[in-house]
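Please walk through this structure with an eye on charges, rings and backbone angles. Keep the sequence and the model side by side.

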Amino acid sequence: MNTATSPLPSPAVSGAATAPTVELRLPIQGMTCASCVRRVEKRLSAVVGVVEAQVNLATEQATVTADASLPVQALKEAVEAAGFRVPVQSTQLAITGMTCASCVSRVERALRRVPGVQQAEVNLATETAHVTSLDGVSPDTLIAAVSKAGYAATLAGGDDLSASAEPVRPPWSTSGGPVLVAALLSAPLVLPMVGMLLGQHWMLGGGWQWLLATPVQFWLGARFYRAGWAALKDRSGNMDLLVALGTSAAYGLSVYSLLAASPHAGHGDGPVPLYFESSAAVITLVLLGKWLEARAKRQTLGALAALKALRPDTARVRRDGQDLDLPMAQLQHGDLLVVRPGERMPADGRIAEGQSLVDESMISGESLPQSRGPGDRVVGGSVNGEGLLLVTVTALGAESTLSRIVRLVENAQAGKAPIQRLVDRVSAVFVPVVIGVALLTLLAWGLAAGNWSQAVIHAVAVLVIACPCALGLATPAAIMVGTGTAARHGLLIKDAQALEQARGVTTVVFDKTGTLTEGRPHLGALLTFGGLSEADALSLAAALQQGSEHPLGRAVREAAAERGLTVPAATDTRAIAGRGIEARVQGRPLILGSRQWLVSLGTPADGLDEAAAKAHAQGMTVSWLAERQEGSAPLPLAMLAFGDRLKPESVAAVQQLRAMGLRTVMLTGDNRAAAQAVADRLGLDEVHAELLPEDKAQRVAQLRSGGAHVAMVGDGINDAPALAAADVGMAMGGGTDVAMETAGITLMRGDPRLVAQAIGLSRATVRKIRQNLFWAFVYNLLGIPLAALGLLSPVIAGAAMALSSVSVLGNALLLKRWKGDLQ
């Protein structure tokens, strides 16, 4: 392929203690095989200031970690020195708010700090900025940088950001046009070969063959010469060099035979041996293979393109009582969005008014629409189902959930799986070895049989059938499709390593609160005394908790609402810190609080402890409802026991993992009784309670040292050390940012069943990688010896080489059919 798509500089910047680093993704044009990848990586790694360089053939981009002070131009020059091109783009911005030369300097500095920007020039008189950057740097990113510097910016020449994102028609050279023209020119050369099998003589004269083959060789095949020459100048090789050498040998031998033949050749001495059909057919078939490969690559990026397409181009904003349709770039934090039924949410926000069902399937993988009302969060890109919603914007641009998802998917697709390292080592010596085998084939056939023309053809077959492309695409193609499929199922893969390592998990370690349980208390038991009904006791307790933001207070109110109880009004309400709350309800002085409070007021402890023993054994938290008595201790009216309810999916999640042959463990900071109760209900293999965050990490390390391959699943800040200590960290999507940043895989829904799906998809992806590598290696190991032995013609070899890359990509695309099977 000669084109690169979707290359985006990463906005993530990391800083070490000594030298801050930045991560850049450079689009690269002209790479065709694994040897090209190796060459670019070598050049980039040699640049002073580069910490790490990884090149992905499937996405046609390089991910470079380098000193923040390293200019992009140095990386661009390194790529160009290797014989490839880094496309750049120019963006014109209109800047408002500048008043002097200092403003100009500030805006220029802000723009130049954007990863991928090569040059930024700001003109105070025209109030414009001209930015030269790597192809793919988003105008939104540049506008955000200017805004952060204290100024406003829009795209010059219009405010519609969608115009800048219009798809550009690919050049003719990368379309199917060259394939069609090459096929038309090659057909008269190849069809006589078919005619010979039928006993027909359709062979053209040598001059006509030369006229048809020459434009195929030097016009349509010029790309192979250019790329091959660039590889030679860099003292390396690639697929283009092999094709150029092979077809040039066949073409050159044919021209020599044609010119050296006597005027009477073909009459008494038999036909002149010409091989124009071999050179033309090989180039045609390779061009066809590359065109099919490009189409397959676009399909592998389909999931990412679908995610990017979720964001609408405009948003309807209510300002000063008027509804305005504005470009996304003009949205601000706190804006009130008007979202009609059937429309997509333009940005992350919180519902201020309205009730509706919201379809989040493309983002979270949840197939059923979710009910959302005032106060609920909604995600940009989700679809409003049936009601008009007013949504307050809470996140924009790179901060939005959709942008973070796209960024994670892009990072995962750009990264290399550990298994790819072996392929890189093989590709480093592949082309030189193939050229050596071709030379040996030429000498062996020439010296042994004395027929140097036939020796050249056998050597050409060796050069043509060798295919480093299939090796280079085997792993990244599967990774790209796998991460895209994961995103559709609500799984965000942070990097290729996490996707590969999840396959080998033998033990899954869960946090309890918020992972296996809902993470919030509910009323689990209610015990009344003195003939008071449960309904009356609960309504009195709810009256005391009116307006309380305490988690237990909310649990009481929710329980009363679920039963449809009428809650009376409370007066003289007073909260006692660390003890509870008291008020008058229906004229009765009531208190709701802890055992310690009642005991301090004179209530006998033995009676309270006996009643609460069962609840405590189950790890529940107990509160007491009591009525104050004049001159005596409060009279207990009811005991309310609170517990953390298991998620409905937790039992199925553990059963799925056990069915996959995995061991399940729970680590929690909760008390032992509560932890054991949860473990017994779920059927966990092992449970450890009352652990500090560092204790969880130590337990994970102990499991790993015992030979287990550990996946840790958690959602809170306290889980971050354990997530980092595990082989694979999995964070629940509703958890903290710290947990999601630490984990290698994020589960976009708070559904623990996604753990089994993540492991199942990892197994499926690694199977595809191994299948691709097996066929790529076997193809070359069988094809090259067959060609060297003279058992394959160059035409058949060219067809096989063209199909090898397409078959690898086609096999990877089968992952798109994955429906959540766990094998």
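**A walk through the model**

Arg 109 is found in helix H3, which spans residues 101–112. Helices (H or I, at least four residues) and strands (E, at least two) are DSSP runs, numbered from the N terminus. This is a predicted model, in which local features need pLDDT of at least 70 and side-chain atom pairs count only at pLDDT 80 or more, while totals for chains, interfaces and linings use all residues. Residues are numbered from 1 along each chain as its sequence is written, and side-chain values use heavy atoms, with hydrogens and water left out.

At 47% relative accessibility, Arg 109 counts as partly exposed. The classes are buried under 20% relative accessible area, exposed over 50%, and partly exposed in between (1.4 Å probe, protein chains only). Arg 109 also belongs to a positive surface patch, together with Arg 106, Arg 113 and Lys 148. Patches take residues with over 30% relative accessible area and no salt bridge; like charges are joined within 9 Å, and nonpolar side chains (Val, Leu, Ile, Met, Phe, Trp, Tyr) within 5 Å. Lys and Arg count as positive, Asp and Glu as negative; His and the chain ends are not counted. The place of a charge is NZ of Lys, CZ of Arg, CG of Asp or CD of Glu. Areas come from the Shrake-Rupley method with a 1.4 Å probe; for residues, only the protein chains shown count as cover.

Next come the paired charges. Side chains of opposite charge can pair when their charged atoms come close. The rule for a salt bridge asks for a side-chain nitrogen of Lys or Arg within 4 Å of a carboxyl oxygen of Asp or Glu. By this rule there are 20 salt bridges. Lys 76 and Glu 80 form one of them, at 2.7 Å from N to O. Both lie in helix H2 (residues 72–81), four residues apart, about one turn of the helix. Lys 76 is buried because its relative accessibility is 13%. Glu 80, at 34%, is partly exposed.

Asp 511 and Lys 696 also form a salt bridge, with their closest N and O atoms 3.0 Å apart. This pair links distant parts of the chain: Asp 511 sits in strand S19 (residues 507–511) and Lys 696 in helix H24 (residues 693–705), 185 residues apart. Both Asp 511 and Lys 696 are buried. Elsewhere, Glu 518, Arg 520, Glu 558 and Arg 645 are linked in a network of salt bridges.

Now the rings. The whole structure holds five aromatic pairs. Phe 218 and Tyr 251 have ring centres 5.1 Å apart and planes at 85°, so they are edge-to-face. Rings of Phe, Tyr and Trp (its six-membered ring) pair if their centres lie within 6.5 Å; planes under 30 degrees apart are stacked, over 60 edge-to-face, and the rest tilted. Phe 218 is partly exposed at 44%, whereas Tyr 251 is buried at 9%.

Finally, the backbone. Most residues other than glycine have a negative phi. Asp 572 has a positive phi of about 55° although it is not a glycine. Asp 572 is found in strand S21 (residues 570–576). Gln 586, also not a glycine, has a positive phi of about 55°. Gln 586 lies in the loop between strand S22 (580–585) and strand S23 (588–593). At 61% relative accessibility, Gln 586 is exposed.
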